[in-house]
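These are my notebook entries from an afternoon of looking things up, written out for someone new to reading structures.

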Amino acid sequence: MTQPTAVPSLLGVFAHPDDESLVAGGVLAQHAATGARTAVVTATWTSGSHRAPELAEALSLLGAGSPRLLGYADARNPASAPDGAVRLVDAPLDEAVGRLVAHIREVRPDIVIGHDALGQLTGHPDHRRAHQITLLAVEAAGLPHLYPDAGEPWQPTALYAATHSESGMGRLGPLLQSVGKTLLAVPDSYVTTSVDVSPWAAVKWAAICAHRSEVARPRPLPGLLARLPEPERNQIISTEQFTRLSPGPAPGDPHQLVA
């Protein structure tokens, strides 16, 4: 996820506060440290919820600016929207895509990072919905006839899905299974990019800890990680895996379909 002449700007799109820190906190911190622009869009938990200030603190630590909220509710937690906002999984698809397109066109990132199709390890419905919305929005953002009121068109160079491979689960698998969570990992061949983020592990962990309400709970991943010895925790958080999904037209034979 680097370029020869410059480190690309990043926009992360994730379902919940803490997703950004857990699955891409390392690359966000890495790119911000070089002076690259970074930002994060969070699909659920609205500005009046108790997790919004935690998200703001985590993003500040990662160098990713201020929260950008799509304004939807978590599928499983009514407290996520004290203002009564609709759940992400119930929102009209066109509306949600349009909201994200506006952020993409405003930030104008080189790379967008989102969830994978499985729903990030546990298959949370918000993760899967966020993946679908991100796929559509990254493509739509570059087309001037779609969402013309959402800003000037902008086509990111690449979309990366944050993921976890079957062989790369390591200690993370048993850790989640210990609290009864089902694990969904991709075949190793699906991982196109594996980033060593150990130099930024301390910053990443600080950002995870900023989500204090999740650290205090026994079953969410931040709480599970907080109860591990530091060496074991660092081993888990020091590698981030991605699958590259390139949007827009790609070069190829103009006269036939090529696999």
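Where does Arg37 lie? I found Arg37 in the loop between α1 (19-33) and β2, where helices (H or I, at least four residues) and strands (E, at least two) are DSSP runs numbered from the N terminus. Before going on I noted that this is a predicted model, in which local features need pLDDT of at least 70, side-chain atom pairs count only at pLDDT 80 or more, and totals for chains, interfaces and linings use all residues. Residues are numbered from 1 along each chain as its sequence is written, and side-chain values use heavy atoms, with hydrogens and water left out.

**Entry on Arg37**

Leaving aside neighbours within four places in sequence, Arg37 is in contact with Ser9, Leu10, Val107 and Arg108, contact meaning heavy atoms within 4.5 Å. The side chain of Arg37 makes a polar contact with the side chain of Ser9 at 3.4 Å, and it also reaches the backbone oxygen of Arg108 at 3.0 Å. A polar contact is a pair of N or O atoms within 3.5 Å; within protein, one must be able to donate a hydrogen and the other to accept it, and residues adjacent in sequence count only if both atoms are side-chain atoms.

**Entry on β2 and what follows**

I then followed the chain into β2 (38-44), which is joined to strand β3 (residues 68-72) by three bridges, the two strands running parallel; strands pair if DSSP finds at least two bridges between them. Thr44 stands opposite Tyr72 in β3. In the loop between β2 and α2 (51-62) I located Ser49, which is buried at a relative accessible area of 4% and, apart from neighbours within four places in sequence, is in contact with Ala79, Ser80 and Pro82.

**Entry on His211**

Is His211 buried or exposed? I read that His211 is buried, with a relative accessible area of 0%, and that its place is in the loop between α6 (201-209) and α7 (212-215). The side chain of His211 reaches the backbone nitrogen of Asp18 at 3.3 Å. Not counting residues up to four places away in sequence, the residues that His211 touches include Asp18, Glu54 and Ala58.

**Entry on the aromatic pair**

How many aromatic pairs does a search of the whole structure find? It finds one, formed by Tyr160 and Phe242, edge-to-face, with 6.3 Å centre to centre and 85° between the planes. Rings of Phe, Tyr and Trp (its six-membered ring) pair if their centres lie within 6.5 Å, and planes under 30 degrees apart count as stacked, over 60 as edge-to-face and the rest as tilted. Tyr160 lies in strand β5 (residues 158-163) and Phe242 in strand β7 (residues 239-245), so the pair ties together parts that are 82 residues apart in sequence. Both partners are buried, Tyr160 at a relative accessible area of 6% and Phe242 at 0%.

**Entry on Leu224**

Last, I looked up Leu224 in helix α8 (residues 221-226), which counts as buried at 5% relative accessibility. Leu224 and Val179 are 45 residues apart in sequence and 9.0 Å apart in space, C-alpha to C-alpha.

Conventions:
Buried < 20%, exposed > 50% of the residue type's maximum accessible area, 1.4 Å probe, protein only.
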